[in-house]
Amino acid sequence: MRKLLLFLYIVSLVIVLIGFYGMNFFTETVAEDGTGGGNGNPALFIPVFLMPFFFYFLYGTTELSMRLAARYKKTAR
């Protein structure tokens, strides 16, 4: 079971990193060609898809840090 949770944690980390990199890529300014049009901001859709993975990544980080702290506390005594 722990291997599955670690796998999901790593997958969430990769998806979050790709998502934030994609947001940066989609919000770059486009060279002006004189048309004066635009398609809004397509990068705003990415956080909607990214949020479940981001929350799982935060939960996993908190869980792992609490386990490491408990293990350190046991060995420090």
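Start with helix H2, which gives the largest share of the lining of the largest pocket, eight residues. The model on screen is a predicted one.

The space itself has a volume of about 380 Å³. Rolling a probe the size of a water molecule over the atoms shows where empty space is left.

Next, select Arg 2, Leu 5, Glu 63, Leu 64 and Arg 67: of the 13 lining residues, these lie nearest the centre of the largest pocket. By kind, the lining divides into eight nonpolar, one polar and four charged residues.

**The salt bridge**

Keep Glu 63 and Arg 67 selected. They form a salt bridge, with the closest N and O atoms 3.3 Å apart. A search of the whole structure finds one salt bridge. Both residues lie in helix H2, four residues apart, which is about one turn of the helix. Side chains of opposite charge can pair when their charged atoms come close.

Colour the pair by accessibility. Glu 63 has 27% relative accessibility, so it counts as partly exposed. Arg 67, at 40%, also counts as partly exposed.

**The nonpolar patch**

Now move to Leu 4, Leu 5, Phe 7 and Leu 8, which make a nonpolar surface patch of about 360 Å². Leu 5 was already selected at the pocket, where it is among the residues nearest the centre.

Phe 7 counts as exposed because its relative accessibility is 51%, and the cut-off for exposed is over 50%.

Terms used
Residues are numbered from 1 along each chain as its sequence is written. This is a predicted model: local features need pLDDT of at least 70, side-chain atom pairs count only at pLDDT 80 or more; totals for chains, interfaces and linings use all residues. Side-chain values use heavy atoms; hydrogens and water are left out. Patches are made of residues with over 30% relative accessible area and no salt bridge: like charges are joined within 9 Å, nonpolar side chains (Val, Leu, Ile, Met, Phe, Trp, Tyr) within 5 Å. Accessible areas come from the Shrake-Rupley method with a 1.4 Å probe; for residues, only the protein chains shown count as cover. A salt bridge is a side-chain nitrogen of Lys or Arg within 4 Å of a carboxyl oxygen of Asp or Glu. Buried means under 20% relative accessible area, exposed over 50%, partly exposed in between (1.4 Å probe, protein chains only). On a 1 Å grid over the protein atoms alone, a cavity is a set of points where a 1.4 Å probe fits but cannot get out, and a pocket is an open set with protein on both sides within 12 Å along at least five of seven lines; lining residues have an atom within 4 Å of a point. Grid points are joined across faces, edges and corners, and a volume is the space filled by probe spheres set on the points. Helices (H or I, at least four residues) and strands (E, at least two) are DSSP runs, numbered from the N terminus. Ala, Val, Leu, Ile, Met, Phe, Trp, Tyr, Cys and Pro count as nonpolar, Asp, Glu, Lys and Arg as charged, and the others, Gly among them, as polar.
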